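Hi,

Here is the model I promised to pass on.

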Amino acid sequence: MATTSEHNDLAAPGADDGPTPSGGTPVQPTLGLVGWLRFLWRQLTSMRTALFLLLILAVAAVPGSVFPQRNIDPTRTTDWIADRPTLGPVLDRFGLFDVYSTPWFASIYLLLFISLVGCVLPRARVHLRAMRQPPPRTPARLERLTAYRRLEVPDEQVEGTLDALEKSLRRRRFRVHRHQPGTLSAEGGYLKETGNLLFHLALIGVIVGVAVGHLWGWKGDAIVPEGQSFAKTRFDTFAPGPWVDDESVPPFTLRVDRFHAEFEREVTGAGQFGMPRDFTAYVTATENGVSYEDEIKVNHPLEVDGATVFLLGNGYAPVITVRDADGEILYSGATPFLPQDNNYQSVGAIKVAAADPGLGFHGWFLPTAVITAEDGPQSVFPDALQPALALTAYEGELFPDGRPQSVFRLNTDEMTQLSDAEGTDAARLWIELGETVEIPGGRGTITFESLDRFAGLSVRHDPGRWLTLGAALLALGGLLLTLLVPRRRVFARVGGTGPEGRTVVTIAAMAKADDTGLDSLLDAVHDDLDPALVGQGSRAEKDEGR
Amino acid sequence: MNALDLALYSNYALYSAMAVLALAMLAYAGYLAGLMPARSERREHEKESALLSTREREEALVGASAGPTGSVESSGERVVASDDAGSSATSGRALDEGVSVGTRKLGGIAGSLAWLGTILLAVSVALRGLSVSRAPLGNMFEFAVVACLFVMLAFSLWSTRRDLRWLGLFVVTPVLLVLGVALVSWYTEAAELMPSLQSYWLVIHVTVAVIAIAIFFIGAVTGILYLAQDKVEQSGRTSFLNHFPGSKALERLTYGLHVVAFPLWTFTLIAGAIWARQAWASYWNWDPKEVWSFVIWVVYAAYLHARVTSGWSKQRATYIALAGFVCILINYGVVNLFFVSQHSYSGL
């Protein structure tokens with residue numbers, strides 16, 4: 001993971017640790033345990049391995065975009081596997097539904113980072129030493145360098161020319177040193193290597209930030225109908241990092257006073273009709289006994305007590321009342337239904353545990369309900385223009401064995417479906433807003449009283465995020481430095497006599513990599529010199545020098 | 001003028017831009033055809049290139065006798081000598097050498113048409129933005145048009161600084177193709193944004209992404225031309241590529257473009273992560289679009305490394321850069337349309 005080829009030369013295995021042959025007999029080099037470890041370490045930290053690991057990392061990340069991932073969409077993953085009874089479990093064994101937490105994916109990036117550290121640390125040492133040392137000695141034959149100019153200066157001005165060169169180069173932030181009289185060495189662009197090291201070290205910072213967030217961060221999700229509130233004890237799901245203690249989750253409460261949703265009605269052309277336009281949750285937050293009103297939008301999370309509350313979803317929570325045959329209320333409340341598509345066709349369940357035997361309904365909520373001949377009941381618009389519930393009814397044991405179950409689905413393992421009045425077909429209840437419908441079998445009535453919306457809120461705390469962001473920005477800065485700053489050496493040497501009374505001063509420049517700017521650098525340095533010092537003819541040399 | 005009119009005029013500007021770009025494409029094609037050496041000229045050229053290659057060989061010999069890695073000084077400091085000697089013949093080659101006046105004029109006309117097409121595209125994008133009172137980056141159609149605008153803008157601005165007539169056809173043709181597909185298959189009515197896109201990060205994140213992609217695209221084009229030129233130079237065939245910059249110069253251009261685009265792409269990822277935390281509560285979700293953006297970043301990082309890894313040729317490194325662009329195409333085409341993603345804003 002370095003950006004010059006030298007590193008690989010350094011890492012060439014067996015370059016310097018083979019035993020020296022003695023006498024005339026060739027000695028087979030033997031690698032002891034230490035030798036082997038050194039060999040492997042050098043292999044691992046070589047550029048070629050880093051490059052290989054980079055490409056492997058790119059390939060390994062792809063399956064996570066092809067197959068559904070458990071951490072993103074567990075339901076879709078389960079369905080996907082269920083649909084493919086032979087292939088699904090095999091892929092699951094190889095972790096293709098949790099790609100980014102599998103050992104094989106982790107081993108790639110860990111190896112890459114070990115390789116990176118093993119490469120960057122020695123380079124940092126070399127770079128520190130280079131920055132303390134003067135530029136290298138002036139080579140003997142400067143005309144062999146990438147770019148050079150021959151200047152002819154009056155004999156008595158030779159020292160003055162070198163001084164002027166030194167001044168010009170120092171102004172260009174070169175470090176200049178004269179090892180011997182009549183020579184000059186300069187080096188500039190140390191920031192290129194500094195940037196390179198900064199970039200790679202900052203990448204480690206990014207990983208550490210991600211790890212901190214994973215270990216000490218937590219998230220909790222809740223579905224909150226209008227008028228209801230939630231606190232940390234009322235999360236629907238709570239996922240703390242392994243090193244989170246309960247104390248660190250702040251004890252605030254949040255009430256959703258009202259939820260506003262708006263959908264596209266004006267533009268009826270392709271792709272836009274019914275698209276969401278605005279979601280706003282108007283909330284009242286209470287922290288440390290102080291209450292205040294605020295709003296949460298999709299791109300405007302709310303900071304509460306060290307945590308951040310995001311609006312990630314929304315839907316409808318029909319207020320439903322179930323009465324028994326005597327008119328006594330068995331169930332009443334806003335019941336969230338989970339949207340399944342862009343028209344908010346939503347599934348949900350009503351579990352009337354107070355009834356005996358238990359009574360359960362499940363089915364669809366349709367905000368703008370239409371019944372068509374082909375598709376039956378469906379929603380054609382996401383806003384609540386013509387809301388209706390389409391339910392089927394069951395009776396029996398609602399919570400067999402007391403196992404936890406989804407609030408949106410009915411476990412019908414130990415329930416029987418209620419039939420319609422004729423007793424021939426399953427009963428289908430169609431309830432529009434404000435309507436009351438008889439439950440078959442004389443079990444009472446069910447009323448669709450009113451319609452609330454719910455807000456899907458997520459509360460997150462990620463203590464590593466600033467480290468991650470800071471490190472990422474540092475990496476970007478380092479990247480810019482290493483890609484844009486040229487590392488160059490400029491040399492000058494006095495040598496040879498020119499035409500009468502003049503001495504030749506050769507200046508030359510070189511770079512580690514391809515550098516098309518060397519000629520213009522020499523031109524600029526040349527232009528800085530007093531024209532009186534420098535004879536003609538130096539220009540003519542230039543073209544030849546390329 | 002109301003919003004509907006603006007959207008309509010935006011489309012008219014887009015049609016005009018496509019017509020003008022089609023003309024530019026024809027002119028560029030004519031220009032390249034004019035670069036093809038005629039039969040009689042070709043014989044001349046062959047003689048010339050035979051001469052050239054002897055000269056090159058001589059130069060190489062001189063270089064070899066001087067020692068390919070330069071001198072070693074007493075201090076042991078190793079000095080890398082210029083490897084430019086061989087390419088001086090190619091990079092010094094003038095584009096217009098032996099090209100007829102008519103062809104040269106055609107090249108100039110093509111350049112002017114490309115400018116006109118760029119301006120019309122800019123007008124179209126501006127009108128679209130006005131008609132919806134926001135940055136026109138909300139769906140796949142708008143994204144494609146803006147990407148084409150940035151490609152043409154980058155190309156046209158760059159062409160004021162150096163002669164890019166040779167590159168014209170290879171930039172304008174794909175742009176025209178993408179505009180056509182965008183209009184036919186991805187057209188989405190002008191409308192407001194959905195809540196998750198209502199953020200100033202849309203402008204920052206997506207604009208920088210589009211600029212990066214535009215430069216990656218031009219880099220991919222010069223990369224392909226480099227590989228072709230490299231083949232031509234090795235075989236010594238006559239081709240219109242003889243009038244193009246030499247393979248070494250093309251390779252350097254390719255690298256230079258990627259050096260500009262890669263930090264922009266890095267910034268795109270960072271800005272995207274900041275926005276993702278605001279909109280989706282977590283800065284990185286391994287959403288398919290994020291996965292592919294990451295893959296693109298890693299592949300281009302591999303290119304930058306491969307280019308300086310000893311034992312890896314420039315050609316092989318360039319193939320990695322091209323693989324990076326294929327990933328961009330997948331990220332835009334396949335992920336938007338076929339994968340289940342939080343980035344599903346295609347409007348289709």
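A polar atom of the A:S379 side chain sits 2.8 Å from the backbone oxygen of A:N343, and that side chain also reaches the backbone oxygen of A:F381 at 3.1 Å. Polar contacts here are pairs of N or O atoms within 3.5 Å; within protein, one atom must be able to donate a hydrogen and the other to accept it, and residues adjacent in sequence count only if both atoms are side-chain atoms. A:S379 belongs to strand β17 (residues 376-379) of chain A. With a relative accessibility of 3%, A:S379 counts as buried (buried means under 20% relative accessible area, exposed over 50%, partly exposed in between, with a 1.4 Å probe and protein chains only). Setting aside neighbours within four places in sequence, A:S379 touches A:N343, A:Q345, A:L366, A:P367 and A:T368, where contact means heavy atoms within 4.5 Å.

Before going further, the ground rules. This is a predicted model, in which local features need pLDDT of at least 70 and side-chain atom pairs count only at pLDDT 80 or more, while totals for chains, interfaces and linings use all residues. Residues are numbered from 1 along each chain as its sequence is written, chains are lettered from A and ligands numbered from 1 in the order in which they are written, and side-chain values use heavy atoms, with hydrogens and water left out.

Also in chain A, have a look at A:P134, in the loop between α7 (103-132) and β1 (147-154). A:P134 is partly exposed, at 42% relative accessible area. Beyond neighbours within four places in sequence, its contacts are A:R175, A:H177 and A:H179. A:F39 is 95 residues from A:P134 along the chain, and their C-alpha atoms are 33 Å apart.

On to chain B, which has ten helices and zero strands (DSSP runs numbered from the N terminus: H or I of at least four residues for helices, E of at least two for strands). Of its 348 residues, 55% are buried. Taking contacts in chain B between residues at least 6 apart in sequence, 82% join residues at least 24 apart.

Helix α5 (residues 140-159) of chain B packs on helix α7 (residues 200-235) of chain B at about 55 degrees, with the axes 9 Å apart. Axes are lines fitted to C-alpha atoms, for helices over the stretch in contact, and angles run from 0 to 180 degrees between N-to-C directions. α5(B) and α7(B) are therefore oblique to each other (under 35 degrees is roughly parallel, over 145 roughly antiparallel, 65 to 115 roughly perpendicular, the rest oblique). The α5(B)/α7(B) contact involves 15 nonpolar residues, one polar and no charged, among them B:F143, B:F150 and B:W158 of α5(B) and B:V210 and B:F217 of α7(B). Ala, Val, Leu, Ile, Met, Phe, Trp, Tyr, Cys and Pro count as nonpolar, Asp, Glu, Lys and Arg as charged, and the others, Gly among them, as polar.

The other pair is α7(B) with helix α8 (residues 247-280) of chain B, at about 155 degrees and with axes 7 Å apart. That makes α7(B) roughly antiparallel to α8(B). Their contact has 27 nonpolar, eleven polar and three charged residues.

Last one: B:T188, in the loop between α6 (165-185) and α7 of chain B. B:T188 is buried, with 0% relative accessible area, and its side chain reaches the backbone oxygen of B:W186 at 3.0 Å. B:E142 is 46 residues from B:T188 in sequence, with 8.1 Å between their C-alpha atoms.

Cheers
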